Amino acid sequence: MFPESTTGSCYEECKSTAEWLLAQMEVRPLLGIVCGSGLGGLAEMLKDQVVFRYEDIPNFPQSTVRGHAGRLVFGTLKGKPCVCMQGRFHLYEGYPVQKTTLPMRIFKLLGVEMVILTNAAGGLNEDYKVGDIMIIKDHINMPGFAGVNPLAGQNDERFGVRFPCMSDAYDRDLRQLAQDVGEELGYKDFLREGVYCVLGGPSFETIAECRMLYRLGADAVGMSTVHEVIVARHCGMRVFALSLITNKAVMDYNSEEKANHEEVLQTGKQRAEQLEELVSTMVARIEHNNNSV
Ligand SMILES: O=P(O)(O)O[C@@H]1C[C@H](O)[C@@H](CO)O1
Ligand SMILES: Nc1nc2[nH]cnc2c(=O)[nH]1
């Protein structure tokens, strides 16, 4: 038997939450969006909103971090039916990794086919500037090296296979679409593509850790997204993810810079408009059901 703490988010629990939500509105979302720290403005773009506070949703965790409003917003974005998490859950809030990713399984049971995730991240790549938007092409699941994986524990085949592939986690066509849209919008100077590394947080990285992560191949470091991506891919949803580089990781022992959440939220405010424009223009061009963009 698997121990209780590692049995993951059970199918019945997710199904009852999905059914509770579906019973209260007409929207049948095909697209799921997760807003990163300070990036909740994306949810405000949805038309004909139906809003649920996390505290009112059965089985749903609560947001505890500033910059994460804790609202599930349904509506349409450029005519496409969407559900948007205005606030996500992090390991450092004290939730088991299975609980932080439970909304991905609820998305799946709501009928969502594609997930777009955003996050705030520290830039490790020396060429990156604060305010750059990084299309995530791959990830490093650092907690996974220590066995912290949302799929650890008993596997429920109704969600997906025991050993899911992750080499194709970040949809190639959606990444290309983002590049094309970014170029058209004139974002070339601040649009990047790179590798995101997740750590547990909540402490920011030491200088030695930043240097190590960069040498390992990470371009940006954060505290989220990867576990959601693993669960979304496990249950067959397509994934696209963006990091907003909100601060530069400190790599130099002579530097006076110090990572802090204020700067993260401030940079989010400054780049929110462009990030929202990029995502909404992409959404306008995405076709569903035929697996194309
Ligand atoms: O939810 P995200 O990954 O955008 O939040 C990042 C990581 C921490 O929660 C916070 C640090 O400022 O921002
Ligand atoms: N781990 C981590 N998460 C972040 N989120 C925003 N900036 C950072 C950062 O520098 N490090």
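Trainee: How are α1 and α4 oriented to each other?

Mentor: Please keep in mind that this is a predicted model. Helix α1, residues 11-22, and helix α4, residues 102-110, pack at an angle of about 60 degrees, with their axes 9 Å apart. Angles from 65 to 115 degrees count as roughly perpendicular and those under 35 as roughly parallel. The orientation of α1 and α4 is therefore oblique.

Trainee: What is the handedness of the crossing of α1 and α4?

Mentor: Two packed helices are described by the angle between their axes and the distance between the axes. The handedness may be stated as well: for α1 and α4, the crossing is right-handed.

Trainee: Why is α4 described as largely enclosed by the rest of the structure?

Mentor: A residue counts as buried when its relative accessible area is under 20%. In α4, this holds for L102, P103, M104, R105, I106, F107 and L110. Helix α4 is largely enclosed because the buried residues number 7 of the 9.

Trainee: Which residue just after α4 takes a positive phi?

Mentor: The place to look is just after the helix α4. The phi there is about 105 degrees, and the residue is G111.

Trainee: Is G70 buried or exposed?

Mentor: G70 lies in the loop between β2 (47-53) and β3 (71-77). Beyond its neighbours within four places in sequence, G70 is in contact with F52, R53, Y54, S63, Q86 and G87. Its relative accessibility is 8%, and the cut-off is under 20%, so G70 counts as buried.

Trainee: What is the radius of gyration of the chain, and how does it compare with the globule rule?

Mentor: The chain has 9 helices and 9 strands. For 293 residues the globule rule gives 19 Å, and the chain comes close to this, so it is as compact as a globular protein of that length; its radius of gyration is 18 Å.

Trainee: What percentage of the contacts with a separation of 6 or more comes from residues 24 or more positions apart?

Mentor: Buried residues make up 54% of the chain. Of the contacts with a separation of 6 or more, residues 24 or more positions apart account for 83%.

Conventions. Residues are numbered from 1 along each chain as its sequence is written. Chains are lettered from A and ligands numbered from 1 in the order in which they are written. This is a predicted model: local features need pLDDT of at least 70, side-chain atom pairs count only at pLDDT 80 or more; totals for chains, interfaces and linings use all residues. Side-chain values use heavy atoms; hydrogens and water are left out. Axes are lines fitted to C-alpha atoms, for helices over the stretch in contact, and angles run from 0 to 180 degrees between N-to-C directions. Helices (H or I, at least four residues) and strands (E, at least two) are DSSP runs, numbered from the N terminus. Angles under 35 degrees count as roughly parallel, over 145 as roughly antiparallel, 65 to 115 as roughly perpendicular and the rest as oblique. A crossing is left-handed if the near helix is turned anticlockwise from the far one by less than a right angle, and right-handed if clockwise. Buried means under 20% relative accessible area, exposed over 50%, partly exposed in between (1.4 Å probe, protein chains only). Contact means heavy atoms within 4.5 Å. The radius of gyration is taken over C-alpha atoms; the globule rule is 2.2 Å times the number of residues to the power 0.38.
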